[in-house]
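Please look over the sequence and the model below before reading on.

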Amino acid sequence: MAKPSEITTERSRDLGSISGELSDGNGMRSDAKVDLPRIERAVREILAAVGEDPDREGLRETPARVARMYRELFCGLRDDPSVHLRKFFTEQYDEMVLVRDISFNSMCEHHLLPFTGVAHIGYVPNGKVVGLSKLARVVESVSHRPQVQERMTEQIANLLIEELDVKGVAVVIEATHSCMTIRGVRKPGSICVTSAMKGLFRSNLSSRSEVMNLIYGDRK
């Protein structure tokens, strides 16, 4: 089974951050079957390590529940997000397309705690447009894996550049991180905002201002 470093296609090099996320740090391909019994054993060990009895009634089925939950939460590891952008329509439309408030949930890879929020995706087509639901599917695929918000934002933007050759793309993500709200500094209500501006939205100030106004204008 090939390691990420052995993948030599030009597209894989250009989207290294995407294809690299399709494998774990040990070179295991993401399409490998989820090892539910292994997760169950690990959860039992954690429960015992914190001083609990994994065999008491309330916890007896917890390892199996957690294993199934992780299979669901990390299903994006077995999905190539680019496939959602390969069915497009040829349209000579050169104004902005924006989908706001695409809800998502993801798992912070630093503490394995969830972060949740919304993604806003705007792009200026270059002869190709996709169904709006496809943008939401890309967000779902990229978010359902161990993530950091900054990388997730870049990945979504790079996918539109690579697959649709758009003239410009703007991705803005707003999220609340439970690793900051329920532990450590414990600051509930804090929101992290990240953005990735490519093409026209990076080089043209008026285009950048337009997309930001469309995202936030009615909230002022």
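This is a predicted model: local features need pLDDT of at least 70, side-chain atom pairs count only at pLDDT 80 or more; totals for chains, interfaces and linings use all residues.

Residues are numbered from 1 along each chain as its sequence is written, and side-chain values use heavy atoms, without hydrogens and water.

A nonpolar core here is a set of buried Ala, Val, Leu, Ile, Met, Phe, Trp, Tyr and Cys residues joined through side-chain atoms within 4.5 Å; buried means under 20% relative accessible area (1.4 Å probe, protein chains only). The largest such core has 29 residues, and those touching the most other members are Ile121, Tyr123, Leu135, Val139, Met152, Ile156 and Leu160. At least two residues each come from strands S2 (97-108), S3 (113-124), S4 (128-130) and S6 (168-177) and from helices H5 (132-143) and H6 (149-164). Helices (H or I, at least four residues) and strands (E, at least two) are DSSP runs, numbered from the N terminus. H6 gives the largest share, 6 residues.

Leaving aside residues up to four places away in sequence, Ile156 touches Ile121, Val138, Val139, Val142, Val171 and Ile173, where contact means heavy atoms within 4.5 Å. A second, separate core of 8 residues has Val124, Ala170, Val172 and Val211 among its members.

Which residues line the second largest pocket? They are Ile39, Ala42, Val43, Ile46, Leu47, Thr62, Val66, Tyr70 and Leu112. Helices H3 (36-49) and H4 (62-73) each supply at least two of the lining residues, with the largest share, 5 residues, coming from H3. A pocket is an open set of points on a 1 Å grid over the protein atoms alone, where a 1.4 Å probe fits, with protein on both sides within 12 Å along at least five of seven lines; lining residues have an atom within 4 Å of a point.

Key:
Buried means under 20% relative accessible area, exposed over 50%, partly exposed in between (1.4 Å probe, protein chains only).
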